[in-house]
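Let's take a friendly walk through this model together. Keep the sequence and the 3D view side by side as you read.

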Amino acid sequence: MRQIKSLTSLRFFAAASIVVLHSVEPFKFAKTDDLFPLQQGVSFFFVLSGFILASIYPKLTRSDLRAFYTARFARIWPAHVAVFLLMLAILPRSFWNFDGHPTISAAIANLCLVHGWIPARIYYFSYN
């Protein structure tokens with residue numbers, strides 16, 4: 001698998017801007033909108049990631065799809081669980097869920113990465 005290291009490293013800066021943006025309220029950081037519009041990091045990260053994935057996997061056959069999705073899952077889900085547990089450890093309970101009342105079903109949906117599929121604020125804003 002070939003890599004585009006110069007572009008891949010840019011994803012760090014995009015992800016870092018997203019982390020800072022999401023940390024403004026819980027950690028009482030100063031707002032930085034005047035300095036740099038951090039919300040642009042999300043779009044930049046997704047476009048850059050899509051470009052990198054499309055160039056690394058220019059053609060996927062049916063037999064390649066299983067390996068592709070297994071590799072994506074193995075890369076994303078363990079990090080998601082680690083951050084989920086870290087969030088439980090360091091953030092106050094009121095930040096765990098949109099209305100401040102975390103539920104087991106929202107936690108399960110979040111851990112299964114399907115919380116955004118459920119059109120209720122208690123799910124798509126839960127633990128994230």
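**From the whole chain to single side chains**

Residues 24 or more positions apart account for 53% of the contacts with a separation of 6 or more in the protein chain, where contact means heavy atoms within 4.5 Å. Please bear in mind that this is a predicted model, in which local features need pLDDT of at least 70, side-chain atom pairs count only at pLDDT 80 or more, and totals for chains, interfaces and linings use all residues. Residues are numbered from 1 along each chain as its sequence is written, and side-chain values use heavy atoms, with hydrogens and water left out.

The protein chain has 5 helices and 0 strands, running α-α-α-α-α from the N terminus. Helices here are DSSP runs of H or I with at least four residues, strands are runs of E with at least two, and numbering starts at the N terminus. Of the 128 residues, 23% are buried; buried means under 20% relative accessible area, exposed over 50%, and partly exposed in between, using a 1.4 Å probe and protein chains only.

Now turn to helix α2, residues 40-56, which holds S49. Which residues of α2 are buried? They are G41, L48, S49, I52, S55 and I56. Seen down the axis of α2, these buried residues fall within an arc of 130 degrees, so they line one face of the helix; the arc is taken from the directions from the helix axis to the C-beta atoms. An α-helix has 3.6 residues a turn, so residues three or four places apart point the same way. The buried residues of α2 pack against α1 (5-23), while the face turned away from the buried side carries the exposed residues F46 and V47.

S49 itself has a relative accessible area of 10%, which is why it counts as buried. Its side chain makes a polar contact with the side chain of R11 (3.4 Å). A polar contact is a pair of N or O atoms within 3.5 Å; within protein, one must be able to donate a hydrogen and the other to accept it, and residues adjacent in sequence count only if both atoms are side-chain atoms.

Moving on, T61 sits in the loop between α2 and α3. Because its relative accessibility is 38%, T61 counts as partly exposed. The T61 side chain makes a polar contact with that of S63 (3.0 Å).
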